[in-house]
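Morning, everyone. I'll keep this brief. Please have a look at the chain on the screen.

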Amino acid sequence: MFIKLSKEQQQMMISEIQSFFSLERDEEISEFAAEQVLHFVKEKLAPHIYNAAVHDVKAVVDQQFASLDDEILTLERPIRR
């Protein structure tokens, strides 16, 4: 998978997953089980979220370039004949 996490990030996420299961589902899950959930999310769900973010960034950049293009065109000087 293309997502690289530091050991600290991974451990924090595992703890968050365990907390979620405890608070929301009233289930205690092991660190191994939480790690498996994290692996599933990284492999199956994260690419969809990542791609949506890429499309959002592209839309923002396209909008900024269009605005910049308009601003550049205002610098044109009239040509007299």
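Let's begin with charge. The protein chain carries 9 positive and 15 negative charges, and their mean positions lie 14 Å apart. Keep in mind that this is a predicted model.

Now the overall build. The protein chain has two helices and zero strands. Helix H1 covers 7–25, and helix H2 covers 31–73.

What are the dimensions of the C-alpha trace along its principal axes? They come to about 80 × 25 × 20 Å. The protein chain has 23 Å, whereas a compact globule of 81 residues would have a value near 12 Å.

The accessible surface of the protein chain is about 7300 Å². Carbon and sulfur atoms account for 57% of that. Buried residues make up 10% of the 81 residues.

So which residues make up the largest nonpolar core? There are six: Ile14, Ile17, Phe21, Ile29, Ala34 and Leu38. H1 and H2 each give two or more residues to this core. The largest share, three residues, comes from H1.

Take Ile14, one of the six core residues. Leaving aside residues up to four places away in sequence, Ile14 touches Glu31, Ala34, Glu35 and Leu38.

Last item, contacts. Consider pairs in the protein chain at least 6 apart in sequence. Of those contacts, 43% join residues at least 24 apart.

That's my part. Over to you.

Definitions and conventions:
Residues are numbered from 1 along each chain as its sequence is written. This is a predicted model: local features need pLDDT of at least 70, side-chain atom pairs count only at pLDDT 80 or more; totals for chains, interfaces and linings use all residues. Side-chain values use heavy atoms; hydrogens and water are left out. Helices (H or I, at least four residues) and strands (E, at least two) are DSSP runs, numbered from the N terminus. The radius of gyration is taken over C-alpha atoms; the globule rule is 2.2 Å times the number of residues to the power 0.38. Buried means under 20% relative accessible area, exposed over 50%, partly exposed in between (1.4 Å probe, protein chains only). Contact means heavy atoms within 4.5 Å. Accessible areas come from the Shrake-Rupley method with a 1.4 Å probe; for residues, only the protein chains shown count as cover. Lys and Arg count as positive and Asp and Glu as negative; His and the chain ends are not counted. The place of a charge is taken as NZ of Lys, CZ of Arg, CG of Asp or CD of Glu. A nonpolar core is a set of buried Ala, Val, Leu, Ile, Met, Phe, Trp, Tyr and Cys residues joined through side-chain atoms within 4.5 Å.
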